[in-house]
Every structure is written in structure tokens, then in C-alpha cells.
Amino acid sequence: MSATVTAEKATPPAPTRSRRMSLPRILLIISGALLALCAVRVITGADNITGSSQIAAALSLAVPIGLAGLGGLWAERAGVVNIGLEGMMILGTFFGAWAGYQWGPWTGVLVGVLAGALGGLVHAVATVSFGVDHIISGVAINILALGATSYLAKRWFEPLAHLGASPKQSPAVDDLPSFTVPGLSDGLKSLESHHWFLVSDVAGILGGLVTNVSALTALTVLLVVGSYFVLWRTPFGLRLRSCGENPLAAESLGVNVYLYKYAAVATSGALAGLGGVFLAMVRSHIYNEGQTGGRGYIGLAAMIFGNWRPGGLAAGAGLFGYSDALQLRNGGTTVHALLLLIAVVLVLLAVWKIYRKSYLTGAVSAGFAVLVLVWYFMTDTVPNEMVGATPYVVTLLVMALAAQKLRMPKYNNKPYRKGQAG
């Protein structure tokens, strides 16, 4: 027996590999991506790739996706899958614009956030209190939100035709404040105009981030940072995340699991509602039926791409926002130039997979790289229809590549009843 104990003591536990990337590795990836973009810009002459206008448009399009993804993060960290983010965004667009044209833009922001939070509470009642399947409840909320806003738009906006409204459109809403960093924006614009390798690219990227930035964009950045601090650096966040990992253990330690799930899903709806407000009051200044365009679902994809963490989510939202912005800035030529970058990435992926002895995946990646290169050299541009589909294609590709290294909260979409732990 002593020999057995000695042997057990002599065998060290197997080291666990962290799923989080270190800061040096993150910086290396960012640097490599930036250098690749610079090289593609110089080779192809597509200056819009890193232009300030492209980056500014990408930032504007990334914000609602990031807010929807952040809402999904709060809900899923508490163990509730929120497919209803799209519907909560729709509520934010409608009620934000409705209140905004009557009482001012900031009132519209508040009302839109409250409308999204109400949608979140409905989802919480269905899933947490009544045990409805999370997917079914979320889809029902999406359908109900679309139907309710369509009906109310006809009742409330149709009589306001003299203000430019229609059964599918609200009157115009006043602008929310925006800011430009004085001096810095003009200096970066000057550097960008020289088209120098790396220097002009960095200037273009930074210029797009400091010129005509909406107050809601700045608020979104604060919400991403604040969510990380609250969820990972406070006792409240620890208890909330425990509800998504093991609610039975959390209950045995005195955590009111229902209360934390309700708080998380209501916050999720409020964040999605804020994303809808951004679409209605910053992107277009009016409510338009169907203006969310599936961004709630893309937000969920960004959250999964980010492995249920705020930093990764922000990166995913930026990627999807950038791909969506391509159709606004000479998209066919820019997307055509990015085909060269995609081919290089596929070649590197093939080399890495073959090095790891995953020969089939490596061969498939190499085959796709050849096809993309042939496409690039045989054409001069990309059809506009394909440019419009770019965000959705990027969503599918990213999810396919990232799916193998993801880990969702363990108790996601699983029924929980109070008292099970006892």
C-alpha cells in the first residue's frame, strides 16, 4: 500500500493548457494581420482596405453587432441561451425612434433600452420560471417583436405622414452628439494621404477611430470593458457565472440562482435594445422595418467566435463590421483585393495542419487556396451581390474555423429547478 501511495505521489498531475491566449501572442497576431493588410494594399492598390473611411464605417457597423453579442454573453454566462436578441433589437429600434422623435434622442435611448430589457424579462419568465426551451422562447420573441412593431408602426406612424413617416418608417430623430479628437484627426488624415507602407495604414486605422465618433460608440466601449470587470472581477460576476457553469453547486452555497438568471437576461435584453437604438438613431436617424437585418444572430456568432469573453467578442464584432462595411466603400474592388489575403491565410493554415499531421484538413485548405488564387487572377472585381453577402460568408467561415476550440458555459440551455441541490 505504501508503494502505491509513493507511486501516486511521485506522479505529478497532468498540466492543464489554458484556453486563453497570452498578451504577447495576441499582439503578435494583431501585428501579423496588420502587416498582411499593408502588403495586400500595396500589391493590389486597394487603398480602401485600411482607409479611415472604411474603418469609420466598420466601427459604426460593429457597434450594434457588439452590443447584441455582449447581450448574448451576459445571458449565456448565466446559463440562458438568448436567440431572441434579434427581437430585442427590433424593440430597441422601434421604441427608441418612437420616443426619440417626441421627447429627444436621449429619451429615445432610455426607452429603447427599457424596451429591450422588457423583451429580456419575457424571455427570462419563459425559460427560467416556466422551463420553456431557450431556443423556442427566443424564436417566439423574435416573431412577436416583429409582429408587434409592424402593427404599432401602422397605428402610430401612419398618421404622421406630414412629418415624413409611413406605416414602415418613423419620423426623423435628432442627432446624438459625436466627437472628433481635435488636431489628431487632421494629422492622421495627412499621413494617410501619403500611402506609405505601414505608417499610412496605421494612420488610416487610427483616424477612423477618432473622427466623428458617436457618443453611443464611446458608451459601447465602456460597456465592453465594464462587462469584463463586473463578470470576472467582482463577487457578483462570479456568482452569475456560477449559475451558468453549475447552478446546483451555486444554490448549495446560498446563491439565488433565479435572481441572477433574471438579472443577466434582463441586462442581455437591455444591451440588445441599445444596439437597436444605435441602428435607428445613429446609423439612419429613423426607424425602418427590417433594419436590424439579422444583426442579432451575427452578434451571437461574434460572441461564440470570442469564446464567450468580452475581448474576443469585440474582435469578432470588428471583423463582421469590417466585412459589412466593404459594400459601402467600393466593395467589389476591395473584396477582390482581400481574396489575395484569404488565399495566403489558407496556405498558412494548410502548412500548419500538415505540420500537425492533419493531412486531410491541410489538403482541403490548400485546395481552397488554389481556387481563391485562380478566382483572384482571373477576375478584376467581385459582383455586388457577392459583396452584400460577405458578412454572412465571413460568419460561416469564422464559425467553421473556430468551432473546435470553443467551450460554452456547461449549463447552457439546461433546465434548472430551485431545490434540486437539496
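Biologist: How many aromatic pairs does the count come to here?

Modeller: A pair of aromatic rings is described by the distance of the centres and the angle of the planes. Rings of Phe, Tyr and Trp (its six-membered ring) pair if their centres lie within 6.5 Å; planes under 30 degrees apart are stacked, over 60 edge-to-face, and the rest tilted. By that rule you get 15 aromatic pairs. Keep in mind that this is a predicted model, where local features need pLDDT of at least 70 and side-chain atom pairs pLDDT 80 or more, while totals for chains, interfaces and linings use all residues. Residues are numbered from 1 along each chain as its sequence is written, and side-chain values use heavy atoms, leaving out hydrogens and water.

Biologist: What kind of pair do Phe-94 and Phe-95 form?

Modeller: Theirs is edge-to-face, at 5.0 Å centre to centre with 85 degrees between the planes. For Trp-98 and Trp-103, the centres are 5.5 Å apart and the planes at 85 degrees, so that pair is edge-to-face too. These four belong to one aromatic cluster, together with Tyr-101, Trp-156, Phe-157 and Tyr-287.

Biologist: Is Phe-94 buried or exposed?

Modeller: Buried means under 20% relative accessible area, exposed over 50%, and partly exposed in between (1.4 Å probe, protein chains only). Phe-94 has 0%, so it's buried. Phe-197, in contrast, counts as partly exposed because its relative accessibility is 45%.

Biologist: Which residue lies over the face of Tyr-411?

Modeller: A charge sits over a ring if NZ of Lys or CZ of Arg is within 6 Å of the ring centre and within 35 degrees of the ring normal. Here that's Lys-414, at 5.6 Å from the ring centre of Tyr-411.
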